[in-house]
Amino acid sequence: MKFGIATFVDDDSIDPVSLAQAIEERGFASLIVAEHSHIPVSRESAYPSGGDLPAWYYKTLDPFVTLAAAAAVTSTIQLVTGVALLIQRDPIHTAKESASIDLISDGRFVFGVGAGWNLEEMRDHGTDPKTRGAQLDESIEAVKALWTDEPAEYHGKYVNFEPSYCRPKPVQKPHPPIYVGGNSDAMVKRIIRHGAGWISNPLPRDVLTKRIGQLRAGAGHDVPLMMFGAPVETDYWRTAEDLGFGQLGLFLPSVGKDETLRLLDEFAAEVQKYQLSR
């Protein structure tokens with residue numbers, strides 16, 4: 001099992017270039033970054049983890065800009081959206097942005113996508129929360145078509161475009177890995193439908209076990225598993241590894257450069273001890 005770093009890169013924390021370099025220097029496998037375009041002031045949607053919404057949600061950098069900056073100064077780490085809120089994005093632009101990162105990184109982009117939870121944020125993008133699942137399915141299919149077909153076209157209820165040329169194409173063939181976020185029966189069906197992996201949150205063991213069982217039964221094979229925001233707890237890591245996770249993104253708080261580097265050193269030391277014990 002590999003270990004990456006999952007975080008919200010914001011305008012008050014360590015800069016993306018220094019962060020990416022520090023992650024790679026310490027031997028981590030990936031940089032996984034979250035997305036929120038904005039946070040409406042008037043918000044009825046409850047924060048899924050409970051309590052007040054953490055400050056970094058309000059200040060996140062664009063994930064594709066962040067990963068492009070990281071791609072330019074690294075050579076080994078995977079560059080992961082965890083997750084891109086695809087229902088709030090134009091799929092044509094997203095296909096071009098993601099393929100561009102895959103090109104400049106020589107095939108290191110991983111496309112994590114999800115429908116999100118902030119209903120007010122969705123509505124500001126013209127997305128109806130009631131149909132966000134169907135829109136996400138169409139958007140994933142449209143991006144895959146733009147990555148792989150030349151010319152590409154897509155005709156759905158929410159995404160529709162005539163035959164078009166869209167370059168660059170991704171380096172990875174047939175396309176970059178796709179991971180879908182969420183924790184629902186609909187999420188399970190979506191992963192199976194798109195032949196994707198699951199990028200989970202750090203859920204309790206019983207919840208992870210249930211969902212992974214559903215995924216394997218429905219797909220008829222093992223499904224790639226990745227986690228955003230895993231705690232630095234070796235007992236939890238053992239649980240995840242036993243369940244078949246290929247990679248854990250350890251949660252890194254959005255803090256300044258000196259504190260970030262200190263935390264990364266601590267994380268790297270814990271990972272090394274864990275790997276030696278397995």
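**Overview and record features**

Modeller: Over residues 17-221 the chain is 40% helix and 16% strand, with the end C-alpha atoms 38 Å apart. Helices here are DSSP runs of H or I with at least four residues, strands are runs of E with at least two, and both are numbered from the N terminus. This is a predicted model, where local features need pLDDT of at least 70 and side-chain atom pairs count only at pLDDT 80 or more, while totals for chains, interfaces and linings use all residues. Residues are numbered from 1 along each chain as its sequence is written, and side-chain values use heavy atoms, with hydrogens and water left out.

Biologist: What does UniProt place at residues 17-221?

Modeller: The unreviewed entry has the feature "domain: Luciferase-like" there. UniProt positions are given in the numbering used here, feature names are shortened, and annotations may be inferred rather than shown by experiment.

Biologist: And which residues does it list as "transmembrane region"?

Modeller: The unreviewed UniProt entry lists residues 64-87 under that name. In the model, the chain over residues 64-87 is 38% helix and 25% strand, and its end C-alpha atoms are 15 Å apart.

Biologist: Switching to helix α1. How many of its residues are buried?

Modeller: Seven of the ten residues of α1 (residues 16-25) are buried, so the helix is largely enclosed by the rest of the structure. Buried means under 20% relative accessible area, exposed means over 50%, and partly exposed is in between (1.4 Å probe, protein chains only). The buried ones are P16, S18, L19, A20, A22, I23 and E24.

Biologist: What covers the buried residues of α1?

Modeller: The cover includes β1 (2-7), β2, α2, β11 and α9 (257-277).

Biologist: Take L252, then. Buried or exposed?

Modeller: L252 is buried, at a relative accessible area of 1%. L252 sits in strand β11, residues 247-252.

Biologist: What does L252 touch?

Modeller: Not counting residues up to four places away in sequence, L252 touches I5, A6, T7, L19, T260, L263, L264 and F267. Contact means heavy atoms within 4.5 Å. L252 and L263 are eleven residues apart in sequence and 7.7 Å apart in space, C-alpha to C-alpha.

Biologist: Now aromatics. How many pairs does a search of the whole structure find?

Modeller: The search finds 13 aromatic pairs. Rings of Phe, Tyr and Trp (its six-membered ring) pair if their centres lie within 6.5 Å; planes under 30 degrees apart count as stacked, over 60 as edge-to-face and the rest as tilted. One of the pairs is Y47 with W117, which is tilted, at 6.2 Å centre to centre and 55° between the planes. Y47 lies in the loop between β2 (30-33) and α2 (63-72), and W117 in the loop between β5 (109-114) and α4 (119-124), so the pair ties together parts that are 70 residues apart in sequence. Both Y47 and W117 are buried.

Biologist: What about W56 and F251?

Modeller: The ring centres of W56 and F251 are 5.8 Å apart and the planes are at 50°, so that pair is tilted. W56 is in the loop between β2 and α2 and F251 is in strand β11, so the pair ties together parts that are 195 residues apart in sequence. W56 is partly exposed, with a relative accessible area of 22%, and F251 is partly exposed, with 24%.

Biologist: Which residues form one aromatic cluster?

Modeller: F8, Y47, W56, Y57, W117, F228 and F251 form it.

Biologist: On to helix α3. Where is T94, and is T94 buried or exposed?

Modeller: T94 is in helix α3. T94 is buried, with a relative accessible area of 0%. Leaving aside neighbours within four places in sequence, T94 is in contact with F64, L86, R89 and F111.

Biologist: And I104, buried or exposed?

Modeller: I104 is exposed, with a relative accessible area of 52%. I104 is in α3 as well, which covers residues 91-104.

Biologist: Last topic, backbone. Which peptide bonds are cis?

Modeller: A cis peptide bond joins R167 and P168, with omega about 5°. The bond from K173 to P174 is also cis, with omega near 0°. P168 is in the loop between β7 (160-164) and β8 (178-181), and P174 is in the loop between β7 and β8.
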